[in-house]
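Me: I'd like to go through this one by asking what sits behind each label. Can you show me the structure before we start?

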Amino acid sequence: MPYDNTLHLMGYLGKDPEGGYFSSGTAHAKLSVSCKRPSRKNETEEHTEWFATELFGQQAEYAMKYLKKGDCVSVWGGIWSRSYLGRDGTMRTVYEISADRISLIARKQSADAPAGEYL
């Protein structure tokens with residue numbers, strides 16, 4: 001039976017991308033993407049989820065060069081979990097998006113970045 005770990009998000013960046021380069025020269029970046037939807041309790045209220053997102057290679061370079069806090073982006077990738085021991089001694093699990101593609105949908109304010117998908 002085939003399996004697929006595919007996720008598509010469209011949301012806003014909560015802060016500027018953070019990243020750098022590994023010793024091998026490969027770029028890496030982390031994004032914080034927020035997605036909103038109506039609250040289950042009250043349709044007039046919104047619920048916001050935050051997604052930690054990782055990018056590598058050309059997508060990471062693109063993000064660090066062109067993307068800024070408040071930009072609307074579309075992200076394709078897979079969701080992965082990892083566990084760690086918290087400061088209080090309890091095991092915790094976090095879920096992160098490992099992005100394959102990213103696309104700038106709209107700018108918070110005008111700038112010189114090209115819009116559209118970057119492969």
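**Around Ser34**

Reply: Leaving out residues up to four places away in sequence, Ser34 touches Met10, Gly11, Tyr12, Thr48, Glu49 and Trp50; contact here means heavy atoms within 4.5 Å. This is a predicted model, so local features need pLDDT of at least 70 and side-chain atom pairs count only at pLDDT 80 or more, while totals for chains, interfaces and linings use all residues. Residues are numbered from 1 along each chain as its sequence is written, and side-chain values use heavy atoms, with hydrogens and water left out.

Me: Why is Ser34 called buried?

Reply: Buried means under 20% relative accessible area, exposed means over 50%, and partly exposed is in between (1.4 Å probe, protein chains only). Ser34 has a relative accessible area of 8%, so it is buried. Ser34 lies in strand 3; strands are DSSP runs of E, at least two residues, and helices are runs of H or I, at least four, numbered from the N terminus. Its C-alpha atom is 6.3 Å from that of Phe51, 17 residues apart along the chain.

Me: What makes Thr53 buried?

Reply: Its relative accessibility is 1%, so Thr53 counts as buried. Thr53 is found in strand 4 (residues 46–56), and its contacts beyond four places in sequence include Leu31, Val75 and Ile97.

Me: Why do Cys35 and Cys72 count as buried?

Reply: Cys35 is at 15% relative accessibility, so it counts as buried. Cys72 has a relative accessible area of 7%, so it is buried too.

Me: Which residues touch the most other members of the largest nonpolar core?

Reply: A nonpolar core is a set of buried Ala, Val, Leu, Ile, Met, Phe, Trp, Tyr and Cys residues joined through side-chain atoms within 4.5 Å. The largest one has 18 residues, and Leu31, Leu55, Leu67, Val73, Val75 and Ile102 touch the most other members. Elements giving two or more residues include helix 1 (58–66) and strand 5 (72–85), but the largest share, 5 residues, comes from strand 3. Beyond four places in sequence, Leu31 is in contact with Phe51, Leu55 and Ile102, among others.
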